[in-house]
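I opened my notebook to look up a few spots in this structure. Here is what I looked at, entry by entry.

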Amino acid sequence: MANTALADPDAGLPQAQLAARYGLRVAGERPPLAEYARRLWAYRHFIAAYSNAKLVASFSNARLGQLWQVLTPLTNAAVYYLIFGLVLDQKSIPNFIAYLTTGLFIFNFTQTTVQNGTQSITGNLGLIRALHFPRACLPLAVMLTQFQQLLASLLVLVGIVLVTGEPLTVEWLLLVPAVLLQAVFNAGLTMAVARMGAKIADLKQVMPFVMRTWMYGSGVLYSVALFEERLPGWATRLVEANPMLVYIELARHALLEGAPLLSSSMLQAWSYAVGWAVVMGVGGFIYFWRGEQEYGRG
């Protein structure tokens, strides 16, 4: 027995002690939050490359290729303007086509990010099981892909706004922080729905209905003044805090003169925008991190 112990010093040790002695850890173990954030930053180039590859691949089979980044939002704007601008005749809103397209493009950024983010874990199980990397890379890559598509949409939007008679003013610069705050909000929201989508397979079927309801409650297709006219005061205050309405109003205020606004002041709107970005960005990240060990298992 003594000779056996000398020959094998690990004999009889429990697995936990063996792992501690040799620095072994459980595969897919969740690291501390600060360490997880550090690892995620180290993978920033992977996130950028992966999002670029997804963007290129999404148009690879189309004859017009990445030109659809511009044609898709332009076509959507034309369809909605035909229905809500000409058929329903929204004369109460000055420059309705610019008002409508601003709301559509800003809302579509969140809508497509959330819908694609819901499947960012379940749609990449092969990658998750084959490689070790922070799983938050996947929903963040989804957000970055849609952010690049938003930039193409904004080029179209700027053209529409100028052609329809809006002047170029210094307030246009406010669109930059508004979109960046929305991107942070989207990143947190996408991480949150990615974890929920990994747990609930049917979430991707429900999400289009959730997003459609959210769109109708965000004043995308009609004047936000209708909320104040048709809702009691307490309900109007709740609608004012709707994050999508906030980001849409900030974009409209930056680009359009005379656009109807629901927010009682721009200071209040910016406060909501920053608050939602911080709460959802940090909260979504922590919520996703807590489920790190669950992804790709089962």
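**Aromatic rings**

I started with phenylalanine 109, which counts as buried because its relative accessibility is 2% and the cut-off for buried is under 20%. I note that the model is a predicted one.

Next I looked up its ring partner. Phenylalanine 109 forms an aromatic pair with phenylalanine 147. I read 5.9 Å from centre to centre and 55° between the planes, so I logged the pair as tilted. Phenylalanine 147 is buried too, at a relative accessible area of 17%.

I then checked the total: the structure holds 11 aromatic pairs. I also noted a cluster of Tyr43, Phe46, Tyr50 and Phe133, linked by ring pairs.

**Threonine 118**

I moved on to the loop between α6 (96-117) and α7 (125-130), where threonine 118 has its place. Is threonine 118 buried or exposed? I found it buried, with a relative accessible area of 2%. A polar atom of its side chain lies 2.8 Å from the backbone oxygen of valine 114.

**Two crossing helices**

Last, I looked up α3 (residues 33-42) and α14 (residues 266-290). Their axes come within 11 Å and cross at roughly 100°, so I wrote them down as roughly perpendicular to each other. Leu33, Tyr36, Ala37 and Leu40 of α3 meet Phe285, Ile286, Phe288 and Trp289 of α14. I sorted the residues of this contact: 8 nonpolar, no polar and no charged.

Notes:
Residues are numbered from 1 along each chain as its sequence is written. This is a predicted model: local features need pLDDT of at least 70, side-chain atom pairs count only at pLDDT 80 or more; totals for chains, interfaces and linings use all residues. Side-chain values use heavy atoms; hydrogens and water are left out. Axes are lines fitted to C-alpha atoms, for helices over the stretch in contact, and angles run from 0 to 180 degrees between N-to-C directions. Helices (H or I, at least four residues) and strands (E, at least two) are DSSP runs, numbered from the N terminus. Angles under 35 degrees count as roughly parallel, over 145 as roughly antiparallel, 65 to 115 as roughly perpendicular and the rest as oblique. Contact means heavy atoms within 4.5 Å. Ala, Val, Leu, Ile, Met, Phe, Trp, Tyr, Cys and Pro count as nonpolar, Asp, Glu, Lys and Arg as charged, and the others, Gly among them, as polar. Buried means under 20% relative accessible area, exposed over 50%, partly exposed in between (1.4 Å probe, protein chains only). A polar contact is a pair of N or O atoms within 3.5 Å; within protein, one must be able to donate a hydrogen and the other to accept it, and residues adjacent in sequence count only if both atoms are side-chain atoms. Rings of Phe, Tyr and Trp (its six-membered ring) pair if their centres lie within 6.5 Å; planes under 30 degrees apart count as stacked, over 60 as edge-to-face and the rest as tilted.
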